[in-house]
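Open the model in your viewer and keep the selection panel at hand.

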Amino acid sequence: MTRSWSAFRIPMVVASFLLASTATQAAAAVGTISTFGPPLAGTSCANPEGLAIDLQGFIYTASDIDGAPTGTICVFSAAGALARTISIPAGPTGVAPLIGMLFEEPHTLFVADGADGGPGNGRLLRVNTQSNSVTVLASGFNFPNAIAEDLAGNLYVSDSDLGTINRISQTGSDNVVWASSPLFAKGDIPVGINGLAFDRLSRNLYATNTNDSRVLRIPLLANGNAGAVQIFADGPTIDANQHTTGSLVGPDGLAFDLLGNIYVAAHIGEIQVLSPSGHLIARFSGTGAATLAFPASVVFKGSQLYITNTALFDDGASSRITVLQAAFPGWPLN
């Protein structure tokens with residue numbers, strides 16, 4: 001399909017912000033994918049999955065399949081230099097593959113530890129990026145994956161094995177299954193519900209199901225409960241209706257731009273962009289060293305979308321972070 005941005009519309013209330021933001025962005029053309037930082041193959045952060053960015057521009061990632069007794073979070077400067085590392089001791093299973101990440105200012109990084117994938121071994125960790133201290137905020141997961149946060153500060157963690165989303169307070173005192181559904185289930189691909197992202201006003205939590213090639217929408221009700229799970233976008237349906245192929249194959253992380261368009265990392269090696277109505281409006285794959293290789297997590301910094309290349313299809317050889325120049329800034333603004 002054509003990589004056209006004509007489907008985007010700019011509300012007048014944000015036009016001045018967009019003009020100012022555009023002036024501060026890199027000169028790369030919209031749709032350009034470039035490499036960021038060094039290749040990660042052969043390092044402690046090979047096969048990176050989780051990704052987070054703080055307001056100073058530091059980028060955080062880690063390996064999700066290293067299998068070492070100590071996990072390592074690699075911290076890169078905004079220029080792409082490795083600034084430092086943070087060690088994460090393993091839990092009772094003796095390994096600490098690190099998956100989803102979410103940063104909260106000023107010094108808190110929430111991290112999902114997949115452990116060995118066995119029953120109840122997964123953990124949600126809180127890392128102080130100033131002191132490097134690590135606290136277990138919640139445990140009992142089989143395959144904790146993505147992390148999202150609502151406007152009240154509650155955390156939401158997908159379990160790709162159990163097919164659930166847990167809601168957890170930032171103190172860890174409240175940890176409940178917030179939503180579960182047959183639409184979250186895994187299948188031939190042993191990863192069901194995966195990426196999570198709230199829309200602009202935290203009225204709905206969007207989630208990918210990697211097994212079913214779908215993006216789902218779960219309303220956040222006024223009382224804090226989950227509403228009925230809805231199919232927002234379905235890959236085979238998009239293929240049939242829009243006369244294309246490969247839509248939402250292996251969807252993983254997702255992120256919103258300011259206008260409500262959703263950027264989805266598809267494991268086939270693309271960033272696919274959905275309109276607020278669920279239409280596929282753009283797709284990007286990169287070229288050369290910046291070719292996307294099993295993209296997993298996506299995080300906006302201004303109009304630049306950072307992407308982890310987990311590189312499972314080439315045994316980690318293409319492990320790195322890449323950057324897509326988007327048309328508009330991400331939401332929330334940062």
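Buried means under 20% relative accessible area, exposed means over 50%, and partly exposed lies in between. Keep those cut-offs in mind for the tour. Note too that this is a predicted model.

**Stop 1**

Select Asp113. Is Asp113 buried or exposed? Asp113 has 0% relative accessibility, so Asp113 counts as buried. Asp113 sits in strand β7 (residues 108–113) and Arg123 in strand β8 (residues 122–128), so the pair ties together parts that are ten residues apart in sequence. Arg123 is also buried, because its relative accessible area is 10%.

**Stop 2: another strand-to-strand bridge**

Select Glu270 and Arg283. They form a salt bridge, and the closest N and O atoms are 2.9 Å apart. Glu270 belongs to strand β20 (residues 270–274) and Arg283 to strand β21 (residues 280–284), so this pair ties together parts that are 13 residues apart in sequence. Glu270 counts as buried because its relative accessibility is 16%. Arg283 counts as buried at 8%.

**Stop 3**

Move to Asp161 and Lys186. Their side chains meet in a salt bridge of 2.4 Å, N to O. The pair links distant parts of the chain, 25 residues apart: Asp161 is in the loop between β11 (155–159) and β12 (164–168), and Lys186 is in the loop between β13 (175–180) and β14. Are these two buried or partly exposed? Asp161 is partly exposed, at 26% relative accessibility. Lys186 is partly exposed as well, with a relative accessible area of 40%. The structure has four salt bridges by this count.

**Stop 3: the largest pocket**

Select Leu102, Phe103, Val299, Trp331 and Pro332. Of the 44 residues that line the largest pocket, these are the closest to its centre. The space in this pocket is about 1,100 Å³. Next, colour the strands. Which ones each supply at least two lining residues? They are β2 (48–53), β6 (98–104), β10 (144–149), β14 (193–198), β18 (251–257) and β22 (295–301). The lining has 25 nonpolar, nine polar and ten charged residues.

**Stop 4: the second largest pocket**

Select Glu49, Asp64, Ile99, Phe143 and Val191. Among the 22 lining residues of the second largest pocket, these lie nearest its centre. The volume of this pocket is about 320 Å³. Its lining is made up of ten nonpolar, seven polar and five charged residues.

**Stop 5: the cavity**

How many cavities of 30 Å³ or more does a search of the whole structure find? It finds one. The volume of the largest cavity is about 40 Å³. To see its lining, select Ser44, Ser63, Asp66, Gly67, Ala68, Thr70, Gly71, Thr72, Ala96 and Pro97. Strand β4 (residues 70–76) gives the largest share of that lining, three residues. By class, the cavity lining holds three nonpolar, six polar and one charged residues.

**Stop 6: a nonpolar patch**

Switch to a surface view. Select Ile65, Leu312 and Phe313. Together they make a nonpolar surface patch of about 320 Å². Zoom in on Phe313, in the loop between β23 (304–309) and β24 (320–325). Phe313 counts as exposed because its relative accessibility is 64%.

Technical notes:
Residues numbered from 1 in each chain as written. Predicted model: local features only at pLDDT ≥ 70, side-chain atom pairs only at ≥ 80, totals over all residues. Heavy atoms only, no water. 1 Å grid on protein atoms, 1.4 Å probe; cavity = no way out; pocket = protein on both sides within 12 Å on 5 of 7 lines; lining within 4 Å. Points joined across faces, edges and corners; volume = space filled by probe spheres on them. Helix = DSSP H or I, 4+ residues; strand = E, 2+ residues; numbered from the N terminus. Nonpolar A, V, L, I, M, F, W, Y, C, P; charged D, E, K, R; others polar. Patch = residues over 30% accessible without salt bridge, like charges linked within 9 Å, V, L, I, M, F, W, Y side chains within 5 Å. Areas by Shrake-Rupley, 256 points an atom, 1.4 Å probe, with all protein chains shown as cover. Buried < 20%, exposed > 50% of the residue type's maximum accessible area, 1.4 Å probe, protein only.
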